[in-house]
Amino acid sequence: MLPTSFDKTPMSNRIHIAVLGRMNSGKSSLINAICGQDVSVVSPIAGTTTDIVHKAMEIHGLGPVVFIDTPGIDDESVLAEARIARTQRAINKADMALVVIDATCGAGEPESALLAELDTKRIPYIVAINKADIALVADQRACVLPKGTSLASVSAATGEGVIQLIEYIRTLASQAAVWDGPPIVGDLLASGDTVVLVIPEDAEAPKGRLILPQVQTIRDILDHNAVATAMRVAQLETVFADPSFRPRLIITDSQAFREVDAIVPSSVDLTSFSILFARHKGDLELLAYGARAIESLEPGDSVLIVEACTHHPVDDDIGTVKIPKLLNRKAGGELAFEWRRGADFPVDLAGFKLVVHCGGCMLNRREMVSRLSAVEDTGVPVTNYGMTIAACLGILPRALRPLSCATEQTPV
């Protein structure tokens with residue numbers, strides 16, 4: 001029996017499975033059949049799914065996944081453009097895809113274009129021929145698909161073939177796991193190393209809790225048999241008063257970089273959560289290279305700041321206040337800033353001299369890499385919050401030193 005319990009694995013750490021296909025092909029019904037519960041609204045009326053729906057679950061033998069239900073790829077309604085854009089965003093974050101084809105209709109141009117896009121983006125996929133309970137065998141065989149396509153014949157209505165489909169998903173998702181990035185920090189440590197996490201006051205942190213990157217970093221340190229200890233900036237100054245205190249690494253919130261850099265001896269490695277996540281979730285070398293553009297910014301240049309979270313900014317918000325102040329000071333005058341939050345990532349980046357992205361803790365690696373690739377393709381430099389702060393303070397080479405793979409790209 002498939003487990004239906006929901007654990008607390010963050011969405012960003014789950015394998016993302018986009019469920020794609022034409023309207024009324026049975027995408028939502030198939031998700032319900034796989035999950036064993038009514039997750040998505042279903043109806044015989046074509047176009048019932050008008051927006052993206054996420055369903056987190058566990059697949060035995062695989063672990064935590066999230067299914068992404070999408071509008072039909074053949075939508076021609078007045079809202080088609082917006083719905084197709086949402087489907088495109090789902091594809092960009094998908095570790096793998098489940099392409100649903102109505103067995104009574106077969107595959108045609110919409111499916112061919114979709115599969116070609118998935119191949120181009122190297123997103124592995126399974127094709128599920130749905131409604132096998134009412135379609136003739138000849139109809140199913142009439143579907144012309146690329147050679148080597150993983151194919152499953154199923155019926156969301158009766159459950160026929162669903163168990164076998166889940167097995168296919170389990171197998172393919174194991175291959176999709178290559179999109180997992182390196183550990184946050186564990187591979188940089190030896191067993192028994194002591195790591196100090198500097199966690200300053202943060203008005204945006206949930207009351208009584210640490211923020212997600214801090215929790216995940218602590219977990220990664222412990223999983224690699226190292227020792228994690230956390231403290232405030234003032235406590236850091238106290239412990240370094242003892243000359244025998246020499247931890248392997250100091251990881252600070254980027255907003256405390258200036259104070260922490262002044263306290264920690266140059267012989268002790270120092271970096272930030274944001275810079276570690278640049279490697280874990282994205283492309284460290286690309287982001288380090290992009291930080292070079294900060295040196296060439298001039299007053300009036302346009303800078304895009306992207307925040308994956310949708311929280312309401314506080315008075316001293318890092319993305320809307322602190323980073324703009326640092327960049328204005330570095331440029332010697334006022335820059336022209338624009339902001340995007342949540343899923344709102346622009347297609348047209350022409351005119352920007354720099355894109356500054358958050359650490360991406362709320363995004364899965366596939367989506368973060370997709371965003372970075374989109375920026376890189378335009379030729380616009382891109383970096384992240386932590387690297388921006390370190391570069392503006394003149395300490396980026398030090399902050400990148402613990403991550404030796406970026407040494408050659410370290411800005412000067």
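Buried residues account for 50% of the 412 residues in the protein, which is seen here as a predicted model. The fold contains 14 helices and 14 strands. Among contacts between residues at least 6 apart in sequence, 74% link residues at least 24 apart. The accessible surface comes to about 18800 Å², and carbon and sulfur atoms contribute 53% of this area.

Two packed helices are described by the angle between their axes and the distance between the axes. Helix 11, which spans residues 318-331, packs against helix 13, residues 385-393, at an angle of about 35°, and the axes are 10 Å apart. The crossing of helix 11 with helix 13 is left-handed. On the side of helix 11, the contact is made by I318, G319, I323, L326, L327 and K330, while helix 13 brings Y385, T388, I389, A391, C392 and L393.

A pair of aromatic rings is described by the distance of the centres and the angle of the planes. The count for this protein comes to 2 aromatic pairs. One of them joins F240 and F245 in an edge-to-face arrangement, with 5.1 Å from centre to centre and 75° between the planes. F240 counts as buried because its relative accessibility is 12%, under the cut-off of 20%.

Q214 lies in helix 6, residues 212-223. With a relative accessibility of 5%, Q214 is also a buried residue. Once its neighbours within four places in sequence are set aside, Q214 is in contact with L197, I199, D253 and F273.

Finally, the backbone holds some details to look for in the loops. Most residues other than glycine have a negative phi. R122, although not a glycine, has a positive phi of about 55°. This residue sits in the loop between helix 3 (109-120) and strand 5 (125-130). K131 is not a glycine either, and has a positive phi of about 70°. The loop that holds K131 runs between strand 5 and helix 4 (137-141).

Terms used
Residues are numbered from 1 along each chain as its sequence is written. This is a predicted model: local features need pLDDT of at least 70, side-chain atom pairs count only at pLDDT 80 or more; totals for chains, interfaces and linings use all residues. Side-chain values use heavy atoms; hydrogens and water are left out. Helices (H or I, at least four residues) and strands (E, at least two) are DSSP runs, numbered from the N terminus. Buried means under 20% relative accessible area, exposed over 50%, partly exposed in between (1.4 Å probe, protein chains only). Contact means heavy atoms within 4.5 Å. Accessible areas come from the Shrake-Rupley method with a 1.4 Å probe; for residues, only the protein chains shown count as cover. Rings of Phe, Tyr and Trp (its six-membered ring) pair if their centres lie within 6.5 Å; planes under 30 degrees apart count as stacked, over 60 as edge-to-face and the rest as tilted. Axes are lines fitted to C-alpha atoms, for helices over the stretch in contact, and angles run from 0 to 180 degrees between N-to-C directions. A crossing is left-handed if the near helix is turned anticlockwise from the far one by less than a right angle, and right-handed if clockwise.
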